[in-house]
Amino acid sequence: MPMAKGSADLETCPVTDDILKKLLDSALNATAEITGQWPAAQRAAMAVYCYRRAHLRSLGLQLATQCEQSDLVREAGTAGEMIYLQSKTAGAATDDLKTRPRGTRPPVSLHIV
């Protein structure tokens with residue numbers, strides 16, 4: 001599958017720094033309030049942008065639950081399909097956070113999917 005236009009730029013955040021800060025400060029359940037009025041393409045771009053950063057991955061999956069599979073595929077090709085499928089089983093991923101020993105942090109990676 002050819003790479004989508006939006007997925008070529010891995011460094012540029014699809015929203016302003018203020019909106020990104022608001023998303024990070026909000027509880028994961030409040031993301032629908034913030035992103036609910038965004039165009040589908042922008043929501044998908046933000047989901048992919050966050051997913052590609054290990055420390056924002058849970059936010060990316062939360063945003064992906066609000067996206068159509070076709071929008072994520074258009075944004076990131078095969079990776080978008082994988083993100084969509086993972087977002088549907090994201091509840092299991094958040095259970096991992098509950099079992100992590102207290103005081104430990106998730107790993108931060110600069111690896112880009």
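Mentor: This is a predicted model, and its mean pLDDT over the protein chain is 79, with 67% of the residues reaching 70 or more.

Trainee: Where in the protein chain is confidence lowest, and where is it highest?

Mentor: Helix α7, residues 90-99, has the lowest confidence, with a mean of 54, whereas α5 has the highest, at 95.

Trainee: How many helices and strands does the protein chain have?

Mentor: There are 7 helices and 0 strands. Read from the N terminus, the order of elements is therefore α-α-α-α-α-α-α, where a run of helix is counted if it has at least four residues.

Trainee: What share of the residues in the protein chain is buried?

Mentor: Of the 113 residues, 35% are buried. The accessible surface comes to about 7,100 Å², and 55% of that surface belongs to carbon and sulfur atoms.

Trainee: How does one describe two helices that pack together?

Mentor: Two packed helices are described by the angle between their axes and by the distance between those axes. In this structure, helix α3 (residues 40-51) packs against helix α5 (residues 69-76) at an angle of about 60°, and their axes lie 9 Å apart. The crossing of α3 past α5 is right-handed.

Trainee: Which residues of α3 and α5 meet?

Mentor: From α3 come Ala40, Ala41, Ala44, Ala45, Ala47 and Val48; from α5 come Asp71, Leu72, Glu75 and Ala76. This contact between α3 and α5 comprises 8 nonpolar, no polar and 2 charged residues.

Trainee: Which residues of α5 are buried, and what covers them?

Mentor: The buried residues of α5 are Asp71, Leu72, Val73, Glu75 and Ala76. Their cover includes α3, α4 (57-64) and α6 (78-88). After α5 comes Gly77, which has a positive phi, near 65°.

Trainee: Turning to Glu81, is that residue buried, exposed or partly exposed?

Mentor: Glu81, which is located in helix α6, has a relative accessible area of 34%. Buried means under 20% and exposed means over 50%, so a value in between is called partly exposed. Glu81 is therefore partly exposed.

Trainee: Which residues does Glu81 touch, leaving aside those up to four places away in sequence?

Mentor: Glu81 touches Gln69 and Val73. The C-alpha atoms of Glu81 and Gln69 are separated by 6.4 Å, although these residues are 12 apart along the chain.

Trainee: What share of the contacts between residues at least 6 apart in sequence joins residues at least 24 apart?

Mentor: In the protein chain, that share is 62%.

Terms used. Residues numbered from 1 in each chain as written. Predicted model: local features only at pLDDT ≥ 70, side-chain atom pairs only at ≥ 80, totals over all residues. Heavy atoms only, no water. Axes fitted to C-alpha atoms, helices over the stretch in contact; angles between N-to-C directions. Helix = DSSP H or I, 4+ residues; strand = E, 2+ residues; numbered from the N terminus. Left-handed = near helix turned anticlockwise from the far one by under 90°. Contact = heavy atoms within 4.5 Å. Nonpolar A, V, L, I, M, F, W, Y, C, P; charged D, E, K, R; others polar. Buried < 20%, exposed > 50% of the residue type's maximum accessible area, 1.4 Å probe, protein only. Areas by Shrake-Rupley, 256 points an atom, 1.4 Å probe, with all protein chains shown as cover. pLDDT = per-residue confidence, 0-100.
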